[in-house]
Amino acid sequence: MFREFVHFIVFLFCLTILISIITSIRSNDKGYLYAESGMDASDIKELASKNSFFDSFKDSIKSIIFLDFKKTESGENVSSHIKKKIFPTIQLSLFAILFGSITSIFAALSCIYYEISLLESALLFLSKLILSTPIFVVSILLFLFFFLYLGVLPPGGYEAGKIEFLILPGIALGSRVFARIFYISLDEGKKEKSSDYFFFLQTRGFSKSRIVYYYIFRKIFPLVLIFILIDFSSLLSGSILVEEIFFYPGIGKSLYYAVKALDENLLRALLFYSGVVFYFLTRTAKKLQYKLAIE
Amino acid sequence: MIFFLKAFFVLSVIIGLIFFNAPTNVNLNKSGLAPFLTWSHPLGCDKLGRDIYALYAFGTFTTFLISIPARVITLLASVIIAFMSYASNKYINFVIDSFASVFLSLPSFLIAIIVLYSLGSELFVFYIAIVISDWAFAYESIQGKIREVKESGYLIAAKVMGASKFYLFRKHVVPEIISMLFILFVTGIPGVIMTVAIFSYMGIDFGTDFLGPGLGEQIAFSKDYFLALPISLFTPILGILFLVLSLGKKK
């Protein structure tokens, strides 16, 4: 436990250095933001003054210790800005993960149950295709097909409690989860099917569907769970573009805005929170992996 | 079958590069020209009158030209950092490892985009962005192999006989990690190709505009008139897919 704590503190320190480097670079040349504001040149110079690395480091340390990231460039409190975005973000990531993992595990188990090689080849091809296509292309194709061609789903935006706004961005994000989890589930499921455990259950008189959809599922689930946890980190990268394409008001869109608009405080907060969340997810995944290897 | 598909893809790009000019000129007289009508524009023209086949061939070639060096430079940087870690004491080693874990915990695309927006969109900045965002994964894999080699008898024997760390790295470690570098190259190249396409989609070009628009930029432009001219959206998508499938390998 103590070792883990020290590891986290070292990680936090390195993360703070990295955030300080990034935010001090991003605070350069902010003068153009005020170019058409009608302000005096001296005021613009003062507002656009560059932060040194040490200033940025001091600010980062203070913000992280007190969890106070001050205000965004538009004058909004950073914490309340993030609070507003967190619910849509959780909704979207849960939808993407659930869609990707449930459909992929079900598809993989069905391939094992029905033993139709054509179905398996088609799904493997689909997974390969998804993994070879950038996420923005998947988003655009979904947008064109469901909104422009079929006209059945909204093109973007967000309204609390309405699932139709989650479907297109959720499927776009979840498609990569589907592809990766399908590969793993199929591989692991096949191994289980050729194991003694499978034959033992058959001799006990269990039906094939019960063995595949219940016992094999229980066997492969811990490993699949590790990959699902790891996949969470890839969601943030994808969400930057997906949220931009579907006008979805999540953390990914905020990150992109913070980078583009040179919003130092917002960028600092988002990098800190995303770094810490992914640190815990990857550590948990590693611990689970280790536990599984021992078992 | 796959070999023929790859050969077809390579040939289609080469033919485009030889027989067509870079699609940099706008010709509104040919705007929206349908495919398969003339030999001079076999796939037709986009809304700006640029040849769609030339857009596909030059866009694919540009993506290829940018991606390969980016991956090679990333692997070289990872090897150099791994050597620094190998040659230095445990404290420096600890610092490098800690930074690697920070870089692994942040999404690589996010780091790349921050570097690009911070330092400007030039080709060498793109290489820096790719190196900074991707070095940690390659470094971790190389470190794993180095730990394995470090325990080998012949390396310990050479060390006892007074060999320098650089000599040990060059003569004993590098030959062991060569095959791993190749695997890291082919498994990492799809990611770089997709990153190039994404940046191109976001309107970031790397000074290669004399070869025409990138594949991502073509997608961003042609999606707006998809119903009128679907082929102009599908050709850049095919270019990305073929590139990834031809150069990459399943992890």
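I looked up how H7(B) and H8(B) cross, and found that H7(B) passes H8(B) in a right-handed crossing, the near helix being turned clockwise from the far one by less than a right angle. The model is predicted, so I note that local features need pLDDT of at least 70 and side-chain atom pairs pLDDT 80 or more, while totals for chains, interfaces and linings use all residues. Residues are numbered from 1 along each chain as its sequence is written, and chains are lettered from A in the order in which they are written.

I then checked the packing: H7(B) and helix H8 (residues 215–222) of chain B lie with their axes 6 Å apart, at an angle of about 45 degrees. That makes H7(B) oblique to H8(B), a class left over once angles under 35 degrees (roughly parallel), over 145 (roughly antiparallel) and 65 to 115 (roughly perpendicular) are set aside.

For the contact (C-beta atoms, placed from the backbone, within 7 Å), I listed B:Ala197, B:Ile198, B:Phe199, B:Ser200 and B:Tyr201 in H7(B), which meet B:Leu215, B:Gly216, B:Glu217, B:Ile219 and B:Ala220 in H8(B). By class I noted seven nonpolar, two polar and one charged residues.

Turning to the whole chain, I recorded nine helices and zero strands in chain B, taken as DSSP runs (H or I, at least four residues, for helices; E, at least two, for strands).

Last, I looked at the interface, where 28 residues of chain B are in contact with 29 residues of chain A. On the chain B side, H4(B) supplies the largest share, seven residues, and the residues of that side divide into 22 nonpolar, five polar and one charged.

Key
Two residues are in contact if their C-beta atoms, placed from the backbone, lie within 7 Å. Ala, Val, Leu, Ile, Met, Phe, Trp, Tyr, Cys and Pro count as nonpolar, Asp, Glu, Lys and Arg as charged, and the others, Gly among them, as polar. Axes are lines fitted to C-alpha atoms, for helices over the stretch in contact, and angles run from 0 to 180 degrees between N-to-C directions.
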